[in-house]
Amino acid sequence: MNQTNASSRALGMLPRSVVVLAVTAVIAGCSVTPKNLTAEEVQDRVKNDTAKMYSEQEAIRAPISMEEAVARALKYNLDYRLKKMESALALGLTDYASYDMLPQMVASAGYTKRNNFSGGTSIGILDGEMSDRPTSSDERSRSLRGIEFSWSALDFGVSYYRARQQGDQFLIAEERRRKVVQNLLQDVRAAYWRALGAQRLNDQADEIVQRANLALSRSREAETQKIIPPGLALAYQRALLDATTLLNQRRQDLEFAKRELAALMNVPPAASFVLAEAAEVTLPAAPRDLARLEDMALLQRPELREEDFRKRITADEARKQMLSMLPGITFNYGRQYDSNSFLYNNSWSQGGVSLAWNLMRLVALPAMKDAQKYQEQTDEARRMALSMAILTQTRVSAERYRLALEDFKLADQAAQVDSRLAAYTKASVSAKLESELEAIRTQARAVLGAYQRANAYANAHIAFGRLYNTVGFDPIADDFETNDLATLSQRVKAHLDATEKDAFALSSNLFGRATTVNVHLAGITDPVQQVRMKALVTELLARHEITTDAKEGKPLTLAFASNGSNGLEKASWTLKMTDEAGHNQQASFVTTIPTNSRASVYESSLVAALNANLGDIKSWLNVD
């Protein structure tokens, strides 16, 4: 008997031991030991990254111009690639977030099995009698299938505002990408002109350094042989060393710019390239209307536009939180199937509506409103501080640009004097050692002056680029991604040429330049009436945000013609213009007026013609 009980206990313990062993094996298998990277893995990573850094880039086959340098930076710069990918990621998340607003449709399938029947006894509700015969209505194994459609009004509202917020996040990523493009133009402009200045003067600097070293040797020899007094020899040596030191420092400062330019263009460090010679353009004068310049900066700066989107995100977050406090209504409908043979109906449809409201969240309503108010105040304070910083940057940048122009003017004059002095000294040099040393020193000073002039010119370009960047102008439209390097270079060149002619037009290139027309009146011979009519046209077009400019505007011809009989005159106005696509457009207006009417009647006919054809004029000018 005892042996039988022991056997039973052993058999009873066996499943528990198996379970313990199984749990122990699972736990042991889930333990993770930290594993360091191997040298081969690190080397493979370095090799792959290096190959990808410079992949799909056009080789440098000719000297690089300013516009090509900017184009290469826009196409190949890694920082810009990163910002572009961040924008693409934000756009993808925006598309993904929009799917959260769709109803849920869940399809399910399963299989269940047990080792015995479920079931049980029952008790009568009225008589309390218990049934002794156990019964079951479930098979031991059965399969289940179903599909259910559900939609929550509360989840839809929350998902809607979440999708709007993600859309604003995409726009923020786009503003950051805009800022990278603006910074690239500024950095390339600065590095290019400094590197070009070093390239122009390298040969002269090398020659002067070699002559200075030779002169130092001869001066020391003359000092040793007492051909010239020691004090005079040491003074010349010190002057030559000072000139050579300054020359080397200035040359190094400018030569470093070439490495910076290579990094901006994503050129491999070992690659050698030459910059194309470019004529020194006359930089635009410093802007005078700083108030309008500040308005443009506040309108266009990506940082402030990012704050505008953050304000919308904060507002949507407040709406989303308020919505989450409302009751949640859920609709559901589904079709189900159960293979249980004991069921009378193996397939059925079911649906319902449920209402749920977490009343405890109402307690947090005052705290939530306070948090929203503080968040709005914080956003506004941050935006005000940023606006003040941008206004200060604009004023400082304009002043730096003005001073940089003055510094370049002085450096240019000093370089001319040094060059003339070097030429004069070289022409009047005699056989005396001190005379030759003086010639070398003045020539070194001339090359140093040329370096200082090149540096001042580059600084003027840097100050101009900083001011242009401070205002927030975009160097090129956003549709350049598909352009090849040659096409993009031409577009950049057109932008740079336009910038040199009209640097601070004080019109937002973010929302489009102001629409301007040049009005020509034909068929009106009275000069006084012409002036009155042009004033009427200017006033009417200005109400529709179309300005008139006799120099820069797009030509708009208003031609008058008339013929009359029996005391009536048939007056017609013909409007002619070349639209934005380069096509010639024309529209007409005809009316009847008394013969020899007063001037005001003809002016009224002109106003009527403009009002009748204003839609056509806007379409020609591509104005909304």
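Trainee: Which residues have the most contacts inside the largest nonpolar core?

Mentor: In soluble globular proteins, nonpolar side chains tend to be buried together. In this predicted model, the largest nonpolar core has 38 residues, and Leu74, Tyr192, Leu261, Phe273 and Leu275 have the most contacts inside it. Such a core joins buried Ala, Val, Leu, Ile, Met, Phe, Trp, Tyr and Cys residues through side-chain atoms within 4.5 Å, where buried means under 20% relative accessible area, exposed over 50%, and partly exposed in between (1.4 Å probe, protein chains only).

Trainee: Which helix gives the most to this core?

Mentor: Helices are DSSP runs of H or I with at least four residues, and strands are runs of E with at least two, numbered from the N terminus. Helix α5 gives the most, with 10 residues.

Trainee: Which residues does leucine 275 touch?

Mentor: Contact means heavy atoms within 4.5 Å. Leaving out residues up to four places away in sequence, leucine 275 touches Pro63, Ile64, Tyr192, Ala195, Leu196, Gln199 and Leu261.

Trainee: Is alanine 486 buried or exposed?

Mentor: Alanine 486 is exposed, because its relative accessible area is 53%. This alanine 486 lies in helix α11 (residues 485-501), and its C-alpha atom is separated by 7.8 Å from that of glutamate 68, 418 residues apart along the chain.

Conventions: Residues are numbered from 1 along each chain as its sequence is written. This is a predicted model: local features need pLDDT of at least 70, side-chain atom pairs count only at pLDDT 80 or more; totals for chains, interfaces and linings use all residues. Side-chain values use heavy atoms; hydrogens and water are left out.
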